[in-house]
Each structure stands twice: as structure tokens, then as C-alpha cells.
Amino acid sequence: MKFGYKFSNLLGTIYRNGNLVFTPDGNSVISPVGNRITLYDLKNNKSRTLSLESRYNYTNIALSPDGSLLIAINEKGNAQLISMVSCTVIHRHKFQTGVQCVNFSPDGSYFAVARENLVLIFSAPGEITGEYNPFVLRRSFLGGYDDITWLDWSSDSKLLAIGCRDSSTKICAVKYTRNFRTYNLSGHTDAIVSCFFEANSLHINTVSRNGQLCLWECSMEPSDLLEADGTDAVPPQRKRKPISKQNGSDAENESEDDVENDVEKTAVEGDVNEVKDESVKKSHPFFYKKLGRHYLANEPRKEKRDALLTAANYNRQTKILVVAFSTGAFYLYELPDVNMIHSLSISDYPISTALFNCTGDWVALASREIGQLLVWEWQSEQYIMKQQGHSSEMTCIAYSPDGQYIATGGEDSKVKLWNTQSSFCFVTFSEHTSGVTAVQFSRNKKFLVSSSLDGTVRAFDIIRYRNFRTFTSPTPAQFACVAVDYSGELVVAGGQDIFEIFLWSIKTGKLLEVISGHEGPVTSVEFSPVSTSSTLISGSWDKTVKIWNCLESNSEHETIDALSDVTCVTFSPSGEEVAVATLAGNITIFDVKTATQVTTIEGRADLGSGRLETDVVTAKKNAQSNYFSTIEYSADGECLLAAGKSANICIYHVREAILLKKFQITQNYSLDGLNEFISRKHLSEFGNMALVEQREELEGGNVAIRLPGVRKGDMSSRRFQPEVRVFSVRFSPTGQAFAAAGTEGLCIYALDKGVVFDPFDLSLEVTPKATHEALKKLEYTKALVMSLKLNEPNLVTLVLERVPHRDIELLCGDLSPDFAQRLLQHLSRLLQSSPHIEFYLQWCCCLLTSHGYHDGVFQQTALLGLHESISRKYEMLNKICDYNKYTIRVLLDRAEKQKELQELSGINANAGNEDSDDDMILIRSRDDELLKREFSDKSEEDTDDMAEESDSS
């Protein structure tokens, strides 16, 4: 078994804190999730979490206009410059204090960072600026008298608008400009939330926390600004004092960060664009005029009187403003008329951030309190994405039999299903009324069961997404564990306050038996994974493990003494052994048939130790009480995965009882319990400062005392800091990944698919060159065997695709069982990405037909991997076929409608031609009558004239 597992993805945590960023194409949104960064691809409906992490939670992120660079800053002021191409950290920088906001200029030349009331403008590294040294400081400005809350650049990247908490907005220029002066806008009565320039204009709109919107008109256009001939104003360099003997030792200890931040420590340089003469100010051509003030908080305050504006964003192209409030509602306004065009309430919690994409069609909204992130298309009024993690701890997880889905249960009484391919949650069951303690899938993947502290065990239909069975006990009981037998007909649950085990029938929903025998809370139950066995094992706090036979006997069991409280039990895949984790920190392996001990793993020291901020004992003392709370066998039964109240996950070899590998699930020091020692800067003459809370006189004292029995962080504390902990670990059925539910969410660790040379049965004559020569000679069997020995995926793919489809069956029959197993693994991998579906399916069919009737040729993991690949391909093709089917229907309906319209138009045209002919006939007849009359009149006149002439003669 290979152990090259690396962090692959993070599920269950959608958004934690900070701002959101859309990619330049507007199809993806980047969200900070604790000390990691997740990219949500809205077009392909997928998400991925970058493998890099910070030591503290991210609070601010900014993406360059070309989407190649990302700046991420955590709550301690540590900045990381990340390449989005390679997804690696290029450079790190330490700011003196925390940062409020960071923003790139539209042309990508600069990025501005606001910390406290100071604005620092750096040159962005890249081809545009020609600067490849990161964090080169160009300018610095003093914003206002209070902290800065918002930064916005003008369209030409020449001006910067700085919004402050003191209700003022300052307009500054990056370079020295002749006819420009630094201008302050004051007209709000509360802190500025955001301010935005108009597109290709210097007009600005400002929004404050109390819902006031002010529209400002500038007296000049961007083209009217005249830059000086000089280059960027460079901040004056401070002359370093000579090192004296007294402070020589201190100077030697200065780091590079201290030298880099010398500019930040100095006083802010003078603003060359600032005009101080009052007479010049009055006659200066650059000024702003307030066009109007609008009160946007009137609508939300109809429902809640103290509603505050928490987030705002403006799209310059569409001139649409989105404002979000603490009531969980957001409104869209069209500027400059300030007409409300849309409104929606998404939750009862405040909206932390709001953001438009580049086209203005989608608006992303996030709420920090419930960890919710959604993208709303306001024109069609539908969700593009709506995701929400568990609002509290994720306590249990379970893989589906084919590894496609992961079910999670949390203390928020919800059960969620996640797709491992897209990493999105696609259904949430909220029927439970208390914390969910355990979840498990059935073998046929048609339903899952969950136990809860509300006294119910519920069965959920995965196909129809409904709760079709609810199991209860005769007397109310809190269930701590649940299990389903191999056939999927029986479900069993153990009580936490009633020390009994309850057995129900899935089909009838009736209680079949109440199994008694334990004298303490039942912490774990599990059925045998063998189809011919009905053996059930249970572990309890009464320091025993009991083996039951549910079908053949009534409450008859065999007891195994564990010598300590049992925290978790699990069967090996063969069903012959059972692993038991105890409160003593040991994992003991027992034989099920003989009830004898096979081996013991001493793992307490491997968990590591950590000291909480409010602990009065040392980390070394805490380590003596560590134990494993969750264990799981690998798919081949050779190894054991274990974790507990620690940031470490351990993999042990069962037979040798040795530690093979240890993973640290997080490096986030924003969580409690990672430090082994309390830093001396947190110690004072009164002791540990974490034990002292700043409270008023009538608030119950000033000492924070942990409540008895608290294990996951004292939520009654004013400053709540979650503790590092792993609640549940599970191996994927294919063995290619494992999942760990911890304080930060559901972490997925997968085998590294990088360039790793891992040959099998290699000899000197087996080389890539020899493989290619065998292919030229049409020796396909020899070439295939050599490629499988080299175990290079590209070479195996090349050989497989060179084989004619007529010879596939012959080649499969010539392979030995060892190579058949390895070939099946390659085929399951190729089916996921290759377009040659029928070709590889023919390989699979011939291979299974040739070797499938032999026992032990194909491992279960390889067959599950093939089943998973075929299922994913089927779902993908099903979606494509449905889309094509509906598209063809639309086209046919369209063609029929056009045909009908053409027929109607043809009839109308014919009718029109007939009418026109009649009209022409009528017109011609009228003309003929007129001509006849004229001729008749003329003839009469002529005859009269002739008669007169004759009379005269």
C-alpha cells in the first residue's frame, strides 16, 4: 500500500471571513476558507482548494486584472503573493499590523494596501511595470483620523478613493498632477462602507453604514488631468542611525522584514498634490459637488429598526449598485436615478460581503455567521450557486460504497451529501432536531441512516431525497452510534443515556429486539462486512467489547475486556479481526472467532501534545490524557487510520504495530491547541493574559473560567477560539483517498498523482526504448507487459491505444493474474479522462471475462475504482444526452413553428395577390369608363362644332 497522500480538497467549509474575488472572466469566484483559499468554478460546477495554507485565517484577498497574481493577507498582517498559474507562494511580506483592505489598480501596475489609517501603494511585479521585486513601495498616504474601510481606483489608475471609518472619503493621486489637489469628501454621518468611481469618469458615489448614499460630481474629466514631467514620487529614505555599542546586539537581531518595513515605521511622506493655501483652494479648478443624498436603509428598517448596511458593491458598466444589510436582505439600485430594481432576503443573518462579476449579471453574497456563499443571477432570478457548510462542528462522515459521495453529520442537526468529483453539497436533510452522532451508507447505495441525540434513527432515500423511515426506541434515548448490516435489511443503534442496543428492520420499520448487556454508554457498533455473517460488535464505556450474533441467538454474546473505556471499534475488511480504541491511548486488535488479542498499538505519544490558551497545565501533562476517538481500516486491511483530539492523523501497520506515516491536518494558529508552550508575550505579572477578560464591573468578574466538561471550545467566552480536533476519519473504498472531519471542515487527502517512478518486477532489459521497439515489431503482448512493469501511465496508454481492437481479447487471455490486476487499475483511470469510451470498455469486458472467474485475481479496490469511473462517465453522458435531447426538441419545435408561419404567410400572400388583381381590375375598369366618358364628351363637342360650322355656312 502506498502512503503518498497529499492534501487534495476541502469540503464542508464554504466561506469563513474576508472578501470575495471574481476571476477576470467572471466565471469563477475565489473565497477564503480559514487559512486556505478555495476556487469555485461556476461554469463547470466544480470547486478546488489550493494546497497552500497560512498560519492564520485569511481576511483580505485581491486578484490582479489578468488573473495571474493573488495577494492574500491574514489577520496578523502576513501577506502572501501567490501565482495562480502554479498555485504556489512566490513571496511573503510582513506588515506591522492587520490589513483592512487591498486592491489592484485596473491597469495592473500598482496595488494599494490599507492598514489602520495608512495607505501603502506598491508596484505590482510583472511585465507591465517591468518590476520583478515584489512589494516595492512607491507611495504612502494618510487616509483619515480613523481606520480605512475601503479603497477604489479610478478607471485610468491615476486616482485612489480612500473611505474611512471617520465618515470621510479622500481622493488622492498616485503621481504628481499639476491641476489636481487632494480632496476630502465629508457629508456622511456614519462610517464609510464603500466608495466607487464611475467608469471613465471622476464622479464618485459613497455609501455609509447607516444606509446613506451620496452622489458626487467632479468638475474635471480624466483627460483634463495634467501629469508632471517627473516620474513617480519616491518616498524619502530614512537615514539609518549608526549602530552604537549599546544597541549593537539589538541591531544584529533585526530580520529582513524589519529592514523592509522601515518605510512603514517612518512618518508618512508629505502629499505633493495637497493644497494648503485657502485662497488657492477657492479658485482651484478641481473640486466636487454633491448631487444628492439618498437613504437606502428605509426599506430594511421597515422590518428591523436597527438595520445597518454591511456591504456594498458597484458595477461601472451596468451602473448598478448592490447594498446588503444586517437583516440578511440585499437590494439592487440603478444609478444615478437610484431606482430599486430588485430585492431579496437570503437569510436572517448579516451579509458580510457582496460582489458583482465583470459583466454585472451575477452577484456573489456571503455570510460569515452561517458560512454561506451564494451567487445570484438577478435578471433571471435564479441561483447560480448556493452552498452552505455545517454551522457548527462536523461530527461524523461516511463514504458511499463506490466512493462518489460523502455523507456528513453535524451538531447543527443536519445531514449533508457531498459529491467528491465536484466538491459541492447537492442535498441537505434537516429532519433531525439535535446533533447527529453517526451516519452510514447501505451497501446498495440506495439509502443512508443517521443517529441523533434527539432519540431517532432516520433512513434517507438517496435517489428521491426524502426521509422514508424513522426509528425510535420504546423509551426516549440518545443514540451515539449506528450501523447497517451487509444486506441492508437491519439497522442497529447504541444508546448514550440508556445502555442498550436497539435493532430495527428497514423494510417494516419495527423494533425487532432490544439487546442488553452493557453497563455504560454504548459508543460504537458495527456489523461484519462479510455477507454470510450477522456478527455485531459493540464497544462501551464499561471497558468491554461484546460480540453478538443478531439473528441466531437472543442477547447471547461474548465479552472481551478492553481494560479501559472503549471509544471506537471497527471490523477489518475480511471480517476476521476487530480493532478497538480505548481511553488509554492504545489500539488493540482482537480475533473475532477466538476472542484473543492479536497485537497492541501504543499510539498515545504519536498524537502529539498541545496546550490551550486557558490551560493551567502543561502540554506534556495534556499528552497523558490523549486518546484515539476514531479509527478505520484501509481497503486491503493491512493498515489502520487513527485520529483524536489532536491535529495529527496516524497510519499504523496492523501486523508490525508500527507508525508508518503521520499527517498534520492544519497549521492554523487561529485555532486553539496547536502551541506546545504559551508565548512569553502573553504572560504578565498577573499570569496568563488569556485567563483575563476585559469585562465591566457588573458582568460577573474578569476571569475566564472554562465550564466543566467543555471539549470543543468555551462558547460562553467573549473571545471564542475553536480547538483543533479530528472527529472522524474514513478511507475511500478505492483506497485512493481518505477523508478527515476536523475543526476546519472535511479535508480530503488523495494519493499524489505526480511524476513518481514506481516500477513492478523490473529487470535490466525492460526499458521504454525496448517497449517502443516491441510496438514497431507488432509484439503487443510483450510491449504491454513491459509498460506495466515500468508502470508509467503515458507509456501504458500508448501501448493500449496501439493494440488493434480485434486482438484485445487475445491479449487479455495471455496476461498473468498480477498484470491483469494492474491493467484494470490503469483502465479505471483512463475511463475517467479518455474520449475512447467504447475502446476501453471493450478492454474491461475482455479482461473481466478472461480473469473474472478466478478467485483473488482482482482486488476489491480495483473493481470499486472501475465501478466509480463507469458511474461518473455514465452520469456525464446522461447529462450530455439529456441536453442534446432537449436541444433537438427545441429545434424541432422551432422548425415546426417556422413552417406553420411560412404556410400562414403563403396563404396570406396568395390572398393578397388575389385582392391586388381584383383591385387592378377595378382600377382598370374605372380608368376605361373615364376614358370612354372623355372620348364621348370630345366626340359630342366635335359633332356640335361640326353642326355649328355647317349652320354658319
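Predicted model: local features only at pLDDT ≥ 70, side-chain atom pairs only at ≥ 80, totals over all residues.

Author: Residues are numbered from 1 along each chain as its sequence is written, and side-chain values use heavy atoms, with hydrogens and water left out.

A salt bridge here is a side-chain nitrogen of Lys or Arg within 4 Å of a carboxyl oxygen of Asp or Glu. E299 is partly exposed, at 30% relative accessible area, while K302 is exposed, at 63%. (Buried is under 20% relative accessible area, exposed is over 50%, and partly exposed lies in between, using a 1.4 Å probe and protein chains only.)

That's one of 14 salt bridges in the structure. Take R464 and D461 as another: their side chains meet at 3.1 Å, N to O. R464 is exposed, with a relative accessible area of 57%, but D461 is buried, at 8%.

Then there's R655 with E577, where the closest N and O atoms are 2.7 Å apart. This pair links distant parts of the chain, 78 residues apart: R655 sits in the loop between β52 (648-653) and β53 (658-664), and E577 belongs to strand β47 (residues 577-582). Helices (H or I, at least four residues) and strands (E, at least two) are DSSP runs, numbered from the N terminus. R655 is exposed, at 54%, and E577 is buried, at 9%.

S157 is buried, with a relative accessible area of 5%. Its side chain makes a polar contact with the side chain of D107, at 3.1 Å. Such a contact is a pair of N or O atoms within 3.5 Å; within protein, one must be able to donate a hydrogen and the other to accept it, and residues adjacent in sequence count only if both atoms are side-chain atoms. Setting aside neighbours within four places in sequence, S157 is in contact (heavy atoms within 4.5 Å) with S105, P106, D107 and V174.
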